[in-house]
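Colleague: I am new to this one, and I would like to learn how to read its backbone. Could you walk me through a few features?

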Amino acid sequence: MEITQLSHYQQAILLLAALIALTSFLMLGQSRLLRLVFIFAVQGILLSITTALAADVLDSPHLYISALLTLSLKGIFIPIMLQRLVINMGLHRDMETLRNPARVMMAGTGLMVFSYYVCLPIVKLSPLITLNTIAISMAVVLLGMLLMITRRQAVAHVVGFMSIENGLFFAAVVSTYGMPMVVELGIAFDVLVAAVLFGVFFFHIRSSIDSLDVDQLNRLSEVEK
Amino acid sequence: MSLFFAYLSVVAALVSGLAALATDKRSELDRLATSLLRRWPKLHARAQCVFSATHYAEYHRNSLFILLGVSGVSAVLASAMALFSGSVVTDTLPFGLPWLHWHIRFDALSAFFYLIIGLVLVAVSLFGPGYVREFEHGKHSLSVLGFFTGLFVAGMELVLLADDAFFFVIAWELMSVSSYFLVAFQHEQASNRRAAFLYLLMAVIGAISIILAYGVLAGFSGGLTFDQFRSVKLTPVWASVAFVLALIGFGMKAGLVPFHAWLPEAHPAAPSHISALMSGVMLKVAVYGFIRFTFDLLDEVYWQWGLVALLLGTASAVLGILYAMQQQNLKRLLAYSSVENIGIIFIALGLALIFFSSGQARLGTLGIIAALMHCLNHALFKSLLFLGAGAILHNTHEQSLENMGGLIHRMPKLSGIFLIGCLSISALPPFNGFVSEWLIFQTALQTGNLDSGVIRSLIPTASAVLALTSALAAGCFVNVYGVAFLGLPRSKHVASCHEVSHQGMLVGPAFLAVFCVLFGVFPTPLIETLNVVTGQLVGSTLPQVSALGWLWVSPVAKEVASYSPFLVLLGILVTVSACYQVFYLRSGRLESRRADTWDCGFGGLNARMQYTSTGFVMPFRRIFQPVFDIDERIEEQKSGPDGFHTQRLRYHLHVSDISWGYVYQPVARSVLGLSRWVSRIQTGNIRTYLAYSFFTLLILLWGIS
Amino acid sequence: MAWLLALLQTLLFIASAPILAGWLKKVKCRLQNRRAPSLFQPYRDLRKLWRKEPVVAHPASWIFKATPYIVLSTTVLTASIIPLIAVNLPTAKVADVVVLIGFFALGRFFLALAGMDIGTAFGGMGSSREMMVSSLAEPAMLMAVFTLAMSASTTNLSEAMKYVLDTGLVLRPSFVFAMLGLMLVAVAETGRIPVDNPTTHLELTMIHEAMILEYSGRHLGLIEWASQIKLMIYGVLIVNIFFPWGIAQDFSLRSLGVGALSLGLKLIGLTVLLGLSEVILAKMRVFRVQEYLSFAYLLTLLGMLSHIILEIQH
């Protein structure tokens with residue numbers, strides 16, 4: 001479908017998909033944790049707006065509830081929790097300088113082209129209008145994983161994990177008519193519990209090895225060196 | 001008729017080479033002339049005058065370059081005739097092997113490269129006499145220089161004429177070996193010897209690769225002539241093998257990254273007019289070889305080839321210009337800039353390959369035309385810059401930018417001509433460098449016609465890198481012109497030098513500058529001529545180029561993009577004169593007043609306080625730091641009781657090529673390692689050698705039975 | 001007839017550039033709680049400069065004196081190509097967007113040479129930094145052009161604007177990203193905060209000003225006018241390519257009037273945005289400009305990728 005033939009709501013979905021991909025890229029390049037959490041919150045809000053628009057386009061009202069759930073959990077609640085965690089641990093003054101920002105960004109672009117290439121057969125199969133965005137959602141998943149690989153801070157790992165889940169949710173909204181409500185609620189509460197557990201876990205890690213740098217977890221190895 | 005002029009060009013170059021051998025033979029020639037011309041006193045008197053001790057050197061030198069000039073003019077005539085008639089002429093020369101005589105083919109592609117050789121040769125032959133004069137009083141004999149120059153030019157032209165693999169390789173080797181002697185001309189410096197050795201080594205490796213590429217084709221076609229190669233059909237695997245071998249071989253001679261290490265060493269070592277020939281023409285002959293092989297001899301092209309060429313071209317372009325910026329030796333800088341421009345040519349060729357492989361013949365033609373046009377443009381402005389650098393070297397004996405400055409006041413005419421060269425190479429409208437880069441951008445912008453989305457996202461990225469390259473080139477040549485010609489002189493030699501005295505040293509570069517402007521302002525006739533070339537080569541042309549008239553260029557269609565450099569130039573001239581009228585002439589002719597430079601009230605401004613070339617390019621060195629191998633040290637000599645006072649401070653900066661560490665040294669180490677492993681056969685023990693003979697005998701006996 | 005109209009449009013363009021500069025000053029002063037000078041003050045400044053005697057340093061060559069004329073003429077030529085209030089004018093065919101970038105490069109080349117002409121440290125520093133900023137901005141600008149050309153399948157500005165007009169109000173992600181990237185590049189190329197401060201003369205903070213430090217009198221007047229025209233050029237490019245509604249498609253007086261009015265309103269809005277950003281943001285350190293321009297390149301690259309992924313039929 002040429003973009004000129006779509007209705008304005010559908011064009012808005014495409015625009016929001018592109019903005020979500022932009023937030024994933026911005027998260028890759030952020031060195032301060034509070035800003036990272038803020039961009040994650042923005043991604044959650046954009047995702048909820050997209051879900052609401054998809055509810056209108058695809059004519060499935062239960063997506064409105066999904067949108068509300070996403071907004072409250074991923075847009076407001078979890079970011080606030082992470083922000084309080086960061087401030088309580090005193091990490092908001094740390095700055096993790098990326099060693100090779102240019103290479104990470106090039107890898108991100110390559111991942112986007114790769115996910116486009118991989119999703120091409122799927123896009124050709126279906127008549128669903130908004131299916132072009134499945135390449136974007138796969139790109140968001142892959143960029144989240146790249147975020148986890150390239151960062152040393154444990155809180156950044158949590159954000160990366162959450163953004164993977166964002167990508168999967170986006171893919172589900174776009175390609176099927178949203179997930180069944182039960183599955184939706186289950187996953188949402190799982191994510192919430194995971195966030196709480198992470199917070200508890202971090203205090204433990206910090207008290208045992210005195211830092212939240214995951215490279216230091218090597219010290220916990222049992223093998224004799 | 002065109003073939004006659006082509007032959008005349010080769011013969012004139014050879015005669016020039018042979019005549020150079022007579023450099024030190026003045027007395028023998030005098031005696032010979034006396035004995036022969038005894039009966040014609042007037043001719044005898046004339047000959048006496050020519051062979052006299054005072055005038056012989058000048059006449060001899062001029063005759064060499066006149067012969068080269070004849071060679072150049074006949075090359076231009078040959079190409080003009082062939083391009084206008086659009087005919088293909090073939091011939092056979094009775095040299096070579098008894099069953100394989102040398103085949104000659106002079107078609108539009110050869111004619112176009114003949115044009116390149118001819119134009120540059122004319123400029124070099126005008127420049128040469130004044131420049132070469134200083135070598136006469138040196139330790140090196142002009143006979144060597146002249147002889148190998150003649151052979152070099154003849155070799156290049158024979159490569160363009162060759163129509164079978166045997167003749168092609170012979171001419172190629174003639175070109176390589178004679179230019180080796182030219183690079184090693186000033187051999188008392190160890191760096192020049194090393195540069196010449198590296199050049200010869202890489203030329204030989206490249207030639208082996210080319211021979212293997214032709215070998216693949218010969219194996220499948222059963223013969224060595226190009227006509228037999230054209231008719232054979234290869235499987236994709238073997239065609240790709242041949243393509244890779246040709247890319248390595250021709251790319252090594254053209255200076256494609258990572259095979260470029262010889263270029264920045266060899267071009268500064270040679271005399272400046274030879275550098276102009278090598279950089280301007282020889283690299284293009286390598287590009288000709290590549291085009292001939294890929295588009296003419298191979299029947300089908302694949303998009304993977306285009307992608308490889310595009311990637312190598314992009315890498316060459318950006319790495320070439322980044323390294324060029326960091327050089328202080330002017331000729332080395334120009335050599336790296338040649339690497340950049342060869343990269344740009346290969347970008348265009350890669351795009352052409354991609355478009356041809358997906359069936360878009362017209363867009364592929366646009367790519368080839370852009371590449372060919374850039375070949376011509378680069379030959380013109382790079383030769384101009386090298387000749388200018390030679391003139392500067394001749395008058396100031398300085399090669400380093402850090403010692404130059406203020407030359408615009410000492411050498412005003414040369415600085416004007418050099419400015420045109422700098423403007424052309426920075427791809428600025430309305431000069432010729434801009435037209436070929438614009439065509440490459442237009443080719444890349446047609447990427448929407450391709451099917452594969454992955455290629456469609458790679459091509460814009462390559463174009464963005466090309467845009468970065470051309471902006472960096474502008475920065476590099478602002479640096480060159482600003483540091484060398486503007487500002488205050490940074491050394492005594494430069495402060496007291498004079499304008500170029502020999503008129504030929506100005507007319508040669510000026511000749512090239514005129515063509516730079518001409519091809520920039522009227523590119524459409526040139527593109528129509530290139531249509532003839534591509535019509536013969538790949539069978540398609542650009543029909544819409546002159547759709548709006550001969551003053552406009554519209555490569556794809558007039559709604560897609562159009563450009564009229566003539567109107568642009570007219571607009572600039574009209575606006576400048578209007579401003580001049582309004583603001584100067586009509587407002588009371590307020591003359592500007594000369595005063596001292598603003599010095600913030602401190603006083604004492606001298607030439608040491610202005611920006612150096614190293615300082616100018618520091619931001620680029622810092623931003624693109626991963627690309628370089630930077631050795632930057634500060635050595636402090638402290639004194640005083642606790643070592644607090646710094647007595648001397650020494651700043652050391654050396655930027656070297658990372659390809660040495662990543663490509664060349666590993667290859668050299670592995671070759672040495674392999675040879676050491678093989679040399680274990682040579683144990684020195686006589687019983688081992690007897691054992692070798694014994695086992696060979698056993699195997700042969702077993703084999704026979 | 002059309003050529004005469006093109007000439008009039010060009011004259012209107014270059015004559016109204018100082019008003020834009022005056023309006024920008026008014027916006028900034030308002031936001032900083034100051035009293036702004038009159039909207040026509042830039043005209044008075046220019047006239048004052050044109051009447052003054054230019055002072056030229058001793059080491060200067062002919063390049064120093066010729067550069068103001070060359071810079072102004074390339075800027076005026078660029079202004080004549082861009083459709084200001086009417087598309088379909090013949091001057092739009094003389095050059096396309098890539099040539100436009102080339103024109104700016106030509107003016108910048110001579111300005112950088114003029115900076116090095118006097119042989120002081122200020123000039124060399126300004127030229128060096130200016131070439132650095134411009135070379136980093138080129139890939140982003142070209143990628144934005146690419147994105148536009150892939151949608152409109154032309155690089156002719158007039159044709160591109162007609163394409164956007166014909167397809168109506170379409171929310172393209174590629175255009176959104178290209179516009180954002182182009183705005184960032186425009187700030188860098190015109191030397192506004194946060195890349196360069198156009199009102200400073202401190203050596204650590206100058207880029208454009210350092211190159212033209214030695215100029216005075218009518219030379220300085222020409223260069224100042226050229227930089228005002230350049231700012232207007234970028235503004236007109238952004239508003240007319242991405243929001244071309246209102247531009248005249250025929251040459252009747254009514255549509256030309258509507259075109260002028262809509263352009264004026266759009267430029268007023270864009271200038272308020274520019275003024276806001278200049279007041280809120282602080283000038284960056286010189287080596288942070290690299291990250292800023294890499295971000296602009298990332299935006300335009302994403303625009304191109306989202307065009308390929310999202311906007312076309314497979």
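Colleague: Is N33(C) buried or exposed?

Modeller: The general idea is to count neighbours: with C-beta atoms placed from the backbone, a residue is buried if 20 or more other C-beta atoms lie within 10 Å of its own, exposed if 12 or fewer, and partly exposed in between. N33(C) is exposed, because 6 other C-beta atoms lie within 10 Å. Keep in mind that this is a predicted model, where local features need pLDDT of at least 70, side-chain atom pairs count only at pLDDT 80 or more, and totals for chains, interfaces and linings use all residues. Residues are numbered from 1 along each chain as its sequence is written, while chains are lettered from A and ligands numbered from 1 in the order in which they are written.

Colleague: Where is N33(C) found?

Modeller: Helices (H or I, at least four residues) are DSSP runs, numbered from the N terminus. N33(C) sits in the loop between α1 (2-31) and α2 (41-50) of chain C. Its phi is positive, about 65°, although N33(C) is not a glycine.

Colleague: And A427(B), is that residue buried or exposed?

Modeller: A427(B) is buried, since 28 other C-beta atoms lie within 10 Å. A427(B) also has a positive phi, near 55°, and is not a glycine. Look for A427(B) in the loop between α17 and α18 of chain B.

Colleague: Which peptide bond is cis in the loop that holds P430(B)?

Modeller: The bond from P429(B) to P430(B) is cis, with omega near -5°. P430(B) lies between α17 (412-425) and α18 (432-445) of chain B. In chain C, the bond from I193(C) to P194(C) is cis too, with omega near 10°.

Key: Helices (H or I, at least four residues) and strands (E, at least two) are DSSP runs, numbered from the N terminus.
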